[in-house]
Amino acid sequence: MSYRPLFGMVLWLGLALGLGAQEKPQVFTGAQIIPIAGEPIAHGVLVVQGGKILAVGEVGQVTLPAGAEIHDVTGKVLMPGLIDSHSHVGSGSGGDGSGPIQPDARVLDSLDVRDASIQKARAGGITSVNVMPGSGHLISGQTLYLKLRTARTIDDLLIKLPDGTNAGGLKMANGTNSIKTAPFPGTRAKSAALVREQYIKAQEYRDKIARAKGDPDKLPPRDLGLEELVEILDGKRIVQNHTHRHDDILTVLRLSKEFGFKVVLHHVSEGWKVADEIAAAQVPCSVIMVDSPGGKLETRDADWRTPAILEKAGVLVGFHTDDPICDSRRFLRSAGLAVRAGMTRKGALEGVTIANAKILGLDGRTGSLAAGKDADFIVLSADPLSVYTHVEQTWVEGQKVFDLTNPQDHLYAVGGVGAGDSRRAQLCCFTSAWDLIMSANEGNQ
Amino acid sequence: MKTFLRSLLLLCLAAAPLALRAENLAITGDTIYPMSGPALHHGVVLVRDGKIEAIGTADTVKIPADYRVLQAAVVTPGLIDAHATVGLSGLLNQPQDQDMWEKSSPIQPELRAIDAYNARDPLVAWVRSFGVTTVNTGHAPTALISGQTMIVKTLGRETDEDVVNPAAMTSVTLGANGLNAPDGSPGSASKSPGTRAKAVALLRAELIKAQEYAHKREGKDEAKRPGRDLRLETMLRGLDGTQPFLVTVNRQQDIVAALRLAKEFKLKLILDGCADAPLVLNEIKASGFPVVVHPTMQRSYQDMENLSVETAGKLHAAGIPIALQSSYESYVPKTRVVLLEAAVAAANGLGFEPALASITIDAAKLLGIADHTGSLEKGKDADLALYDGDPFEYTSHCTGTIINGQVFADGPH
């Protein structure tokens, strides 16, 4: 064990030297490529460099850069990395029990990037994810859109927007999850009233700031919650709204219209009952596919045909795991079950890629394979909608973050002793007692 | 004349339910998996009076003209879920439809599933719509001894009409889920068992009590014999094996504890869950006990932290008899579907035919009902599932479910 500190130092140096150097282009050739942007390519080639896609096309029709590292993926299927528009990986949190409206609470300040659930998401082919606080509040906090890069801290996963802020939305909920004993609302009407009051406050707060014209004496005192809601009012961030029952869905649409905020409907168990209204409002839906209806009153009428019905009505439809409700490792299954219930194959595959990219406002950089976009992709053993297919590799911005042939990654993919453990500290300069115990255990298994 | 007409009417009324339930059917399949022999290509199953009349390839089985013909790409025996709570843990998940867990005491073997099962709960029809025709359902693995299970066809009529075995097993849970009923008020009886050691101690005491009860019941002096005791009567049926204990154990120390108990009391157990099975494969194999493996897609936390989608495949490869199950879910999905669980097992080491066997003939053998269901053989119940493709594929559909010759088209799911 004594060599380990030195080994760690070498890794650190290697990393430092590697930074800034232009890496070799990488070529993935021979696979069936499903670019999502455009028709599938039977024998395709994907060229990536510096975390970006340089080219996608048919073998023989793409000029391969000199000195490229060639990956022969003949017989495999290559498609964009999956995007999960609603997940709880990383054991994050939002607001607490002190009240129903807490837009100031940030997932950013709570996430464990070493949590096994994040590695399991990579094993499921997920490259981007919207990590949300729970649905037990009307407003439970600020969500975070993440790239599942190899990470030591949360900063390694963030998606930076052009203005320097972190990409993310605001989690809201209506229906029974946020109806509790005081100070939480007791009814649906009260829930809506509390939310409306809060947005009116935010409007007034925004107006005060505008009237102050930068005069510090006239500016209202800073309010973290209202600042976030102003961003929502200004359309800088999107409301991600948990909602099941058809009347609750319509309430979300009503509030969104009143205050002009951008919203995505999440779960939408009864979306099939009000598909035309959702379509008319031009509001996207993020649907969950659970193995049976029920489990609570609001999901009594949940129906696997919802994505198909919404698609037909012209709604933008994405899927989510709501991990741990559905397992990130089987995210493609949601698309498969939606096809089983009548959705088009095209729509279902878009639902786990580009549709979710649009839902998160990230479609400019991920969600499909096209030159200039981030090199986020997965290598599958066969067709994405088959139960027999395995995710073999997951790449984020040109870096491999999951490889099924790696024993540790395989463990995260299939489960077993140790699969629930957090990923051990990497690139660390010392061997912790925990690492020593774990290595000893590995020998025994 | 009037009497004659009345007799005729009565005769028709008497025959009507039978006719409704048991049409004469011919089911043709591009591929039929009888599970009693190799797959048949272009096969036919004839059904008469609710039983399988004949099965063979299309060139050997002639379809009578008056038989209703059903076609499918793939035909399998009706699926069997070896451990469920469907019908007791209802769809709404409200207090009035949750009968799988009586929280007043940690040891209640006297609770019968037949007194709680709701044949008309929508989730019974839901699992049926995927081809499930038989379930071993009952009290959930939530208390040390939560109650009994029953084997029932998913016909959705009345319990007494649909039941196959009203008292199949008694549900025992060792490990975290069998401890300390969480909503027991402080100081109440349900504070105990709070530890693994206490749980096993209570279980041993109960088994010894049952043995002593049996001894006293056989005493020479009739006046000194104890009165009937529903609880101990059930324990006795567990001891003599007529109604075996279904022991839910996931951690390896709990699996080993169950085997230790079995040795002490000469019990024949059915092991259930067994997330840690790969750590104690030899011990399980040596016991000879079958395993109802945890749902392949069950969430991995607490005692199930080490579960794997490959567990079923590993147990099967070791030669241990297995069946799959939907188990119990307290939230969503309110029920799992054993077909979908078998599908993921098939794709992760178990393989197609063993996975199909684990929800048909192997499950039937484990439940002791293989003499009349679980495979497509002449004389067995006409329990079949029809699919438009590989039953395990996400995008395939169950296009029909047949139970005792009655056709259900709930789906297509």
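## Helix 2 of chain A

In this predicted model, the buried residues of helix 2 of chain A are A116(A), S117(A), I118(A), Q119(A), K120(A), A121(A), R122(A) and A123(A). The helix, which runs over residues 116–123, is thus described as mostly covered, with 8 of its 8 residues buried, and the list includes the charged residues K120(A) and R122(A).

The cover over these buried residues includes strand 6 (82–87), strand 7 (126–131), strand 16 (391–396) and strand 17 (399–403) of chain A, together with helix 11 (407–414) of that chain. Just after helix 2 of chain A comes G125(A), which takes a positive phi of about 90 degrees.

## Helix 3 of chain A

Buried positions in helix 3 of chain A are S191(A), V195(A), Y199(A), A202(A) and Y205(A). An α-helix has 3.6 residues a turn, so residues three or four places apart point the same way. The buried residues of helix 3 of chain A pack against helix 4 (224–233) and helix 5 (246–259) of chain A.

## The two domains of chain B

Chain B is divided into domain 1, made up of the segments 25–77 and 374–413, and domain 2, which covers 79–373. The centres of these two domains, taken over C-alpha atoms, are separated by 30 Å, and the contact between them takes 22 residues from domain 1 of chain B and 27 residues from domain 2 of chain B.

On the side of domain 1 of chain B that touches domain 2, at least two residues each are supplied by strand 4 (68–77), strand 14 (398–403) and strand 15 (406–408) of chain B, and strand 14 gives the most, with 3 residues. By class, this side of domain 1 has 9 nonpolar, 9 polar and 4 charged residues.

## Where chain B meets chain A

Between the chains, 34 residues of chain B are in contact with 29 residues of chain A. On the chain B side, the elements that give two or more residues are helix 2 (122–128) and helix 9 (338–350) of chain B, and helix 9 of chain B gives the most, with 5 residues. The residues on this side of chain B divide into 19 nonpolar, 9 polar and 6 charged.

Methods. Residues are numbered from 1 along each chain as its sequence is written. Chains are lettered from A and ligands numbered from 1 in the order in which they are written. This is a predicted model: local features need pLDDT of at least 70, side-chain atom pairs count only at pLDDT 80 or more; totals for chains, interfaces and linings use all residues. Domain bounds come from an automatic or database domain assignment. Two residues are in contact if their C-beta atoms, placed from the backbone, lie within 7 Å. Helices (H or I, at least four residues) and strands (E, at least two) are DSSP runs, numbered from the N terminus. A residue is buried if 20 or more other C-beta atoms lie within 10 Å of its own, exposed if 12 or fewer, and partly exposed in between; C-beta atoms are placed from the backbone.
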